[in-house]
Amino acid sequence: MASASATLLKSSPVLDKSEWVKGQTLRQPSASSVVRCNPTTPSSLTIRAGSYADELVKTAKTVASPGRGILAMDESNATCGKRLATIGLENTEANRQAYRTLLVTAPGLGNYISGAILFEETLYQSTVDGKKIVDVLHEQKIVPGIKVDKGLVPLAGSNNESWCQGLDGLASRSAAYYEQGARFAKWRTVVSIPDGPSALAVKEAAWGLARYAAISQENGLVPIVEPEILLDGVHGIDRTFEVAQKVWAEVFFYLAENNVLFEGILLKPSMVTPAAQSEEKATPQQVADYTLKLLHRRIPPAVPGIMFLSGGQSEVEATLNLNAMNQSPNPWHVSFSYARALQNTCLKTWGGRPENVKAAQDALLFRAKSNSLAQLGKYNGDGESEEAKKGMFVKGYVY
């Protein structure tokens, strides 16, 4: 098995902050920022973004900047190991570091990528050359983000559905992540259409996202709100649309109940498509029509950015659908937050071989530029490989 030598930094000082990460030092909560709850009147719950409000809005606008989107590279160590196994590499810290170094050091990546979501290991990690990854991102003018949820577990009393854990200790973890240089956060929960979805699962997903969003904002992190509607199933696009309307209505109801600052959040929704195993197929224009109709019905224009997940679509399919949504002006920045749909060809091109690093970075840059053009509505599909056209749906996918 191939291996990559590495030196990891387990701790590092607070970053010198450029203009886009300028913020206040960590502070004790003031009286105006403390959660207050009268047990007999739940509506008295009060949470505020506090003195971070201006910074949150600025960070969200930076990530939602024209022609740029998010590189999701926050795979857990276990999931990263599965990806490495496809190219014959062991799941070691050194190999994970080598691959992450390849991604963040791609020359000019910041021309197309405005934010990078990191796993906790990566936030504190160095490149193979000993430079802190957050510093490399900073030099690329890419805002570092951090995955903060603790994964999915079975939801008791549901139709074999899941809920997302991680609220315990989230405030202190978020404060530490902010100090390390993170400026936005990600929390992924899921809704399964074949399993219902039950009212319990939808409410649990919405409430968890709202609590996470409020806690993140209190600690200076822009929350990415992500209730992923899984592609699993055989249903058509109309059923996806019906469920998505219900989910996003619940999400924004509870975001409002928790006094979340809409101008200081980003959304990471699923596109409205037929299920992966459905006999029904949709064109990019149909996906765009359904998805934009959903956004106009459910998403306030105060939200600065809609950063779509790919959810197992092929690299090309995800780009075509995004491009179709940007053929006319939208109230929000409609862009991407892709993991596999940015990395798949790059990873296979690399193959764990040092001599392939440049070719792999070129593949990443081609994919990033294609999605940059799609965000501007100017993608034409030229130069796409057959590998980029292969679907990546995995039934019961665990991130």
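Residues are called buried when their relative accessible area is under 20%, and exposed when it is over 50%. These terms are applied here to a predicted model of the protein chain.

The protein chain has twelve helices and twelve strands. Of its 399 residues, 59% are buried. The accessible surface of the chain amounts to about 16,200 Å². Carbon and sulfur atoms supply 54% of that surface.

Helix H1 spans residues 53-63. Its buried residues are Glu55, Leu56, Thr59, Ala60, Thr62 and Val63. These residues lie on the same side of H1, because they cover an arc of only 160 degrees around the axis. The other side of the helix carries Asp54 and Lys61, both exposed. An α-helix has 3.6 residues a turn, so residues three or four places apart point the same way.

Cysteines were examined next. A search of the whole structure found zero disulfides. Cysteine 164 has a relative accessibility of 7%. Because the limit for burial is under 20%, cysteine 164 counts as buried. Cysteine 346, at 1% relative accessibility, also counts as buried.

Conventions. Residues are numbered from 1 along each chain as its sequence is written. This is a predicted model: local features need pLDDT of at least 70, side-chain atom pairs count only at pLDDT 80 or more; totals for chains, interfaces and linings use all residues. Side-chain values use heavy atoms; hydrogens and water are left out. Helices (H or I, at least four residues) and strands (E, at least two) are DSSP runs, numbered from the N terminus. Buried means under 20% relative accessible area, exposed over 50%, partly exposed in between (1.4 Å probe, protein chains only). Accessible areas come from the Shrake-Rupley method with a 1.4 Å probe; for residues, only the protein chains shown count as cover. The arc is that of the directions from the helix axis to the C-beta atoms. A disulfide is a pair of cysteine sulfur atoms within 2.5 Å.
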